[in-house]
Amino acid sequence: MINIIDRQYEARIHPLLRLGFRPFFLFGALYAVIALGIWLWSFRYGQPTWLTAPALWWHAHEMFFGFAMAIVVGFLLTAVQNWTGIQGTKEKRLLLIITLWLIPRLLFWLPVPLWVVAVLETLFITFACWEVGYRIVNAKRWQNLLFLPMLFIAILANLASYASVLRIWDIPVLAIWQAVLWWFILLISIMAGRVVPFFTARKLNCDKPQPILWLELIANLSLLCLLVLCFFPNLNQLFYKSLLLIAGLSQLIRMIRWLGYRTFKEPLLWSLHLFYLCIPLGLLVSGLTHNPWIQHTMLHIFAIGGLGGMILAMIPRVSMGHTGRNIYQGPCFWPAFVSLIAAVFIRTVGVILFPTQLQSLVLLAGIFWMISFTLFAIVFGSMLIKPRADGQPG
């Protein structure tokens with residue numbers, strides 16, 4: 001009876017509003033293309049006339065809180081249903097959260113005070129936090145409660161970014177963006193530690209490597225420390241470099257145990273491992289170099305590879321799995337992964353080796369990024385706006 005009622009109820013809801021991953025994955029991927037395209041134009045020609053925030057600040061903010069946060073919220077609103085057994089956010093409540101995400105993206109281009117945009121974005125993350133939190137509490141799934149303080153930290157970081165650009169808080173905005181980047185990398189580290197070894201072992205038909213508690217603590221707590229230390233610019237550099245190396249080594253050892261070297265035949269697996277490799281690689285290079293240009297450039301191996309790459313590797317799997325399709329019999333998508341790998345290589349190695357060609361290399365890397373997420377929208381967009389292939393709710 002419950003299934004019958006669910007199906008009748010689902011039939012009255014547009015497929016795009018049946019579960020959080022549907023609208024947020026689609027709109028997030030499209031926005032990854034649009035926002036990056038606008039930034040490339042701004043990088044070449046300067047501040048857009050209608051943009052009410054500084055272009056560089058807007059670029060960083062929108063890649064974090066426009067694109068990446070949309071994907072994170074879509075994932076959490078979907079995953080919490082599996083964690084708790086309680087139906088996920090849908091229909092009007094989901095539409096409200098989508099609207100609270102979309103309106104700030106538009107208000108940046110209208111004569112609206114930035115504090116208004118900040119309030120709406122705070123409501124977006126807060127409502128998403130509520131939708132996840134009350135399900136976890138009701139189901140007593142305390143092991144997933146960690147995501148609530150993580151989202152609360154994201155709210156504070158977002159408000160700090162507005163306080164900086166509005167000159168309410170005298171702190172370098174670069175420190176805030178570095179802290180936000182570490183926040184996303186920490187979130188990816190936590191989530192990847194749960195799912196990547198599980199997905200890999202299941203596909204390879206072998207035992208999943210069990211996490212080693214001390215290794216997990218070092219790998220994740222070191223990232224948390226890096227986040228906090230962004231607000232202490234006068235910190236001893238030897239200590240900071242040592243922390244980067246500790247984080248990098250622990251992340252690398254942790255990742256090697258996930259058996260990624262056995263996944264080269266399956267793009268949905270090797271992409272997860274290869275893009276995650278950007279995290280320990282970036283940490284180790286940042287810890288070993290004393291060149292400020294290399295240190296700054298390496299931020300993009302985390303942003304494009306660690307964050308953007310892990311998103312691109314995860315959302316096809318979630319999209320197929322939650323629309324009733326066989327994950328490993330889906331459409332050909334490896335060209336998108338290769339395109340994003342090219343973007344990572346050009347924006348990091350290319351820029352380090354040929355700094356005088358910065359403008360051309362940034363443009364080329366941006367084009368490869370846009371190709372990757374355009375391919376996702378084309379290949380998987382129709383799945384996200386249609387009912388599940390197996391006729392089940394969701």
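Select helix 3 (55-84): with seven residues, helix 3 supplies the largest share of the lining of the largest pocket. Helices are DSSP runs of H or I with at least four residues, numbered from the N terminus. The model is predicted: local features need pLDDT of at least 70, side-chain atom pairs count only at pLDDT 80 or more, and totals for chains, interfaces and linings use all residues. Residues are numbered from 1 along each chain as its sequence is written, and side-chain values use heavy atoms, with hydrogens and water left out.

Stay with the pocket. A pocket is an open set of points on a 1 Å grid over the protein atoms alone where a 1.4 Å probe fits, with protein on both sides within 12 Å along at least five of seven lines; lining residues have an atom within 4 Å of a point. The largest pocket holds about 830 Å³ of space, a volume being the space filled by probe spheres set on the points, which are joined across faces, edges and corners. Show Leu56, His59, Ala60, His300 and Arg347, the closest to its centre among 31 lining residues. Other elements giving two or more residues to this lining include helix 13 (334-353) and helix 14 (358-384). Colour by class and the lining splits into 24 nonpolar, six polar and one charged residues (nonpolar: Ala, Val, Leu, Ile, Met, Phe, Trp, Tyr, Cys and Pro; charged: Asp, Glu, Lys and Arg; polar: the others, Gly among them).

Now colour domain 1 (7-171) and domain 2 (178-393). Both give residues to the lining of the largest pocket, so the pocket lies between them; the bounds come from an automatic or database domain assignment.

Next, select Ile188, Met191, Met310, Ile311 and Met314, which lie nearest the centre of the largest cavity, lined by 16 residues. In a cavity the probe fits but cannot get out. The structure holds one cavity of 30 Å³ or more, and the largest has about 240 Å³ of space. Which helix gives the most to its lining? Helix 7 does, with seven residues. The lining has 16 nonpolar, no polar and no charged residues, and each domain supplies at least three.

Move to helix 9 (residues 237-256) and pick Ser250. Ser250 counts as buried, at 4% relative accessibility (buried is under 20% relative accessible area, with a 1.4 Å probe and protein chains only). A polar atom of its side chain lies 3.0 Å from the backbone oxygen of Ala247.

Finish at Gly46, which follows helix 2 and has a positive phi, near 105 degrees.

Definitions and conventions: Buried < 20%, exposed > 50% of the residue type's maximum accessible area, 1.4 Å probe, protein only. Polar contact = N/O pair within 3.5 Å; in protein donor to acceptor, adjacent residues only side chain to side chain.
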